[in-house]
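Hi,

Here is the structure I promised to hand over.

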Amino acid sequence: MVKINKKEYDLMKKYIEDQCGIFLEDGKEYLIESRLSDLVEEIDCKSFADFHQKAKMDIGGKLKDRIIDAMTTNETLWFRDDSLWEYLREVAVPALLDIAASKGKARVWSAAASTGQEAYSLLMLIDEEAKRRGTPSLVNRIEIFASDISSSALFVAISGNYTSLAVKRGLPLDKKNKYFTQKDNVWSFDQELKKRVKFEKFNLQNSFTSLGAFDLILCRYVIIYFSREFKKTLFAKMARALNPKGVYILGASESLWDLSDDFEVVHYKNAVINVKK
Ligand SMILES: C[S@@+](CC[C@H](N)C(=O)[O-])C[C@H]1O[C@@H](n2cnc3c(N)ncnc32)[C@H](O)[C@@H]1O
């Protein structure tokens, strides 16, 4: 393992926060060492100072991408947090289909989509509800935009292919049988339905203006990695990216408290929902 000293840690910490907003507190040297040492050695750097220099000179962005891939935590699963998915199934999905039926389309953003489980989980619910209503084609009027900063996570998301282990994590058996086909150790999400999700690499530090307006934004288990200042800016941008009465969902351990006045906090059973004022 390549060791990092205090000066190098400060340089790397700033570099990482500048590139993706991930804020490392003091004393997290081990995190950089454990996640980046292999890469430091692979590109023949003698020290983290050397590595930082190379990263700063990286014009094509390949090294930057690999650093971001190594530093992001892509942990996710299907239908993560039961109470939220109860709300989505019982309230949000029917509301999205109503909007799609009346306005011609509804838009959703899975804003830290990782390997795609969140976006595909939602798509399965939308498909089931559209069929239950006797309007299966309504699913085509719901746009799901799913983004992440990690190229390796997006690669899996776009492929729609998951290992046996990944499909064991939260995916109910009936949905696995209905929406996936298996070949050896790989489970592939329905090829046709998959086209309803548009995956794109996107850094939440960027401006949202080109993305258009959404009716529902899921941005879960990512703000935990950001500084207070970045969270404030992000919440303000999220509010602007929502249609009136649009819904903004965070992870169960995350909150807007003390950081945004743009939302009304509503409870549905055990789920916490933020509705744009
Ligand atoms: C822990 S995962 C959460 C996945 C999913 N939202 C869930 O709740 O299961 C956090 C994701 O946020 C992404 N991420 C971190 N910083 C980001 C940024 N600045 N812009 C976009 N995505 C980012 C990471 O790459 C990672 O895939």
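Residues are numbered from 1 along each chain as its sequence is written. This is a predicted model, where local features need pLDDT of at least 70, side-chain atom pairs count only at pLDDT 80 or more, and totals for chains, interfaces and linings use all residues.

Strand S7 covers residues 214-218, and strand S1, residues 106-110, pairs with S7 in the parallel sense over three bridges. (Two strands pair if DSSP finds at least two bridges between them. Helices are DSSP runs of H or I with at least four residues, strands are runs of E with at least two, and both are numbered from the N terminus.) S7 also runs parallel to strand S8, residues 242-249, with four bridges joining the two. Leu-218 turns up again here, as its bridge partner in S8 is Ile-249. To get from S7 to S8 the chain passes through helix H11, residues 228-240, in a right-handed β-α-β crossover. Right-handed means that, with the strands pointing away from the viewer, the path from the first strand over the helix to the second runs clockwise.

S7 is mostly covered, too: five of its five residues are buried. The burial classes count other C-beta atoms within 10 Å of a residue's own, with C-beta atoms placed from the backbone: 20 or more is buried, 12 or fewer is exposed, and in between is partly exposed.

How many residues surround the ligand? There are 23, and the closest are Thr-72, Thr-76, Ala-112, Ser-114 and Arg-220. A residue is near a molecule here if its C-beta atom, placed from the backbone, lies within 6 Å of it. The shell splits into eight nonpolar, ten polar and five charged residues.

Strand S3 (residues 161-163) pairs with S5 in the antiparallel sense over three bridges, and Thr-163 stands opposite Val-186. Strand S4 (residues 180-183) is antiparallel to S5 as well, over four bridges, with Lys-183 as the bridge partner of Val-186. S4 and S5 make a hairpin with two residues between them, and Asp-184 in the turn has a positive phi of about 55°.

A few loop residues, in case you want to check the backbone:

- Asp-81 sits in the loop between helix H4 (62-71) and helix H5 (82-103). Its phi is positive, about 75°, although Asp-81 is not a glycine. Asp-81 counts as partly exposed because it has 19 C-beta neighbours inside 10 Å.
- Lys-269 is in the loop between strand S9 (263-268) and strand S10 (271-276). Here phi is near 50°, again a positive value in a residue other than glycine. With 11 C-beta neighbours inside 10 Å, Lys-269 counts as exposed.
- Ser-47 is in the loop between helix H2 (29-42) and helix H3 (48-57). Ser-47 and Glu-8 are 39 residues apart in sequence, with 8.7 Å from C-alpha to C-alpha.

Finally, the overall picture. The protein has eleven helices and ten strands, and 36% of its 277 residues count as buried. The C-alpha trace spans about 65 × 50 × 35 Å along its principal axes. The radius of gyration is 20 Å, which agrees with the value near 19 Å that a compact globule of 277 residues would have. That radius is taken over C-alpha atoms, and the globule rule is 2.2 Å times the number of residues to the power 0.38.

Cheers

Terms used: Nonpolar A, V, L, I, M, F, W, Y, C, P; charged D, E, K, R; others polar.
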